[in-house]
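Please read them with the structure open beside you.

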Amino acid sequence: MRRWLFILLVILLSLNFTGAVFAKDIKKEDLECIRKQEIRTKEFNEQVIRDVFASFGHKYDEIIDQSMYMNMIDLMKYTVLSAGEDPHLESLKKYMSGESTGEKRLYFFHGHPDEAYIFYKDLKNQNNMLHLKKESNNWEKQEKITKRGKRIPFKREKCEDDYFMKRMFNNLYQK
């Protein structure tokens, strides 16, 4: 009887251990997939902004050396750090929010903090530039220029599709 209990205990422990190892492998796969997604998204955003700058006759590599940019996430971080509502930040959020292909980027050129430009590609693949000027309590739009842009393909990672298929399968056949 002891022998059977011992064998049963060993089997149960080994099953539990393999489950833990399998769960650990899934987490490694998920982390690798997340890493691939982040790289893909960063590359996509760079391709989009290169196209936007090219349509306005600028070379992306030259502009990057002479400017500083922020995206919506950076703007939200500054909002948190300001510990309250800064009217300048709030007015910038109005221009930075909304739909776009890739991310909207707010640029300050040549160290001029009172003038800013927002570059982005809209959902119809039109490249846009907003020129903003800092006023006493907010940022005001000076002009908006729209130019024709190229469609930049967004390629999903295979692991994203695998994840969605697993999720769909698990939802269909729940216990």
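1. Which residue in β5 stands opposite asparagine 128? The residue facing asparagine 128 is threonine 146. Before going further, please keep in mind that this is a predicted model, in which local features need pLDDT of at least 70 and side-chain atom pairs count only at pLDDT 80 or more, while totals for chains, interfaces and linings use all residues. Residues are numbered from 1 along each chain as its sequence is written, and side-chain values use heavy atoms, with hydrogens and water left out.

2. The sheet. Five strands, in the order β1-β2-β3-β4-β5, make up an open sheet with antiparallel pairing; two strands are taken to pair if DSSP finds at least two bridges between them, and the elements themselves are DSSP runs numbered from the N terminus (helices are H or I of at least four residues, strands are E of at least two). The edges are held by β1 (67-70) and β5 (139-148), each of which has a single partner strand, so one side of each is left without a neighbour in the sheet. On average, neighbouring strands of this sheet are turned by 25° against each other, direction ignored; the axes are lines fitted to C-alpha atoms, for helices over the stretch in contact, and angles run from 0 to 180 degrees between N-to-C directions.

3. The β4-β5 pair. Strand β4, residues 126-134, pairs with β5 in the antiparallel sense over nine bridges, and the two are joined by a hairpin through four residues.

4. The helix on the sheet. Helix α4 (residues 87-96) packs on the sheet and touches β1, β2 (101-109), β3 (115-121), β4 and β5, its direction making about 20° with that of β5; contact here means heavy atoms within 4.5 Å. The helix α4 is mostly covered, seven of its 10 residues being buried, where buried means under 20% relative accessible area, exposed means over 50%, and partly exposed lies in between (1.4 Å probe, protein chains only). Those buried residues are His88, Leu89, Ser91, Leu92, Lys93, Tyr95 and Met96, and they pack against α3 (72-81) as well as β1, β2, β3, β4 and β5.

5. Salt bridges. Side chains of opposite charge can pair when their charged atoms come close. The count comes to five salt bridges under the rule that a side-chain nitrogen of Lys or Arg lies within 4 Å of a carboxyl oxygen of Asp or Glu. One of them links aspartate 51 to lysine 121, with the closest N and O atoms 2.4 Å apart. Because aspartate 51 lies in helix α1 and lysine 121 in strand β3, the pair ties together parts that are 70 residues apart in sequence. Aspartate 51 is buried at 9% relative accessibility, and lysine 121 is buried at 0%.

6. A pair within a helix. Glutamate 32 forms a salt bridge with arginine 35, the closest N and O atoms being 2.5 Å apart. Since these two residues are three apart in helix α1 (residues 2-55), they are separated by about one helical turn. Glutamate 32 is partly exposed at 33% relative accessible area, as is arginine 35 at 39%.

7. Arginine 105 forms a salt bridge with glutamate 103, with the closest N and O atoms 2.8 Å apart, and salt bridges that share partners join Glu46, Glu103 and Arg105 into one network. Arginine 105 is buried at 2% relative accessible area, whereas glutamate 103 is partly exposed at 21%.

8. The loop between β3 and β4. Aspartate 122 lies in this loop and, leaving aside residues up to four places away in sequence, touches Ser100, Thr101 and Asn128. Aspartate 122 and glutamate 103 are 19 residues apart in sequence and 9.8 Å apart in space, C-alpha to C-alpha. Asparagine 125 lies in the loop between β3 and β4 too; its phi is near 65°, a positive value in a residue other than glycine, and asparagine 125 counts as buried at 19% relative accessible area.

9. A surface patch. Met165, Met168, Leu172 and Tyr173 make a nonpolar surface patch of about 490 Å². Patches are made of residues with over 30% relative accessible area and no salt bridge, like charges being joined within 9 Å and nonpolar side chains (Val, Leu, Ile, Met, Phe, Trp, Tyr) within 5 Å; accessible areas come from the Shrake-Rupley method with a 1.4 Å probe, and for residues only the protein chains shown count as cover. Leucine 172 has its place in helix α5 (residues 158-172) and counts as exposed at 60% relative accessibility.
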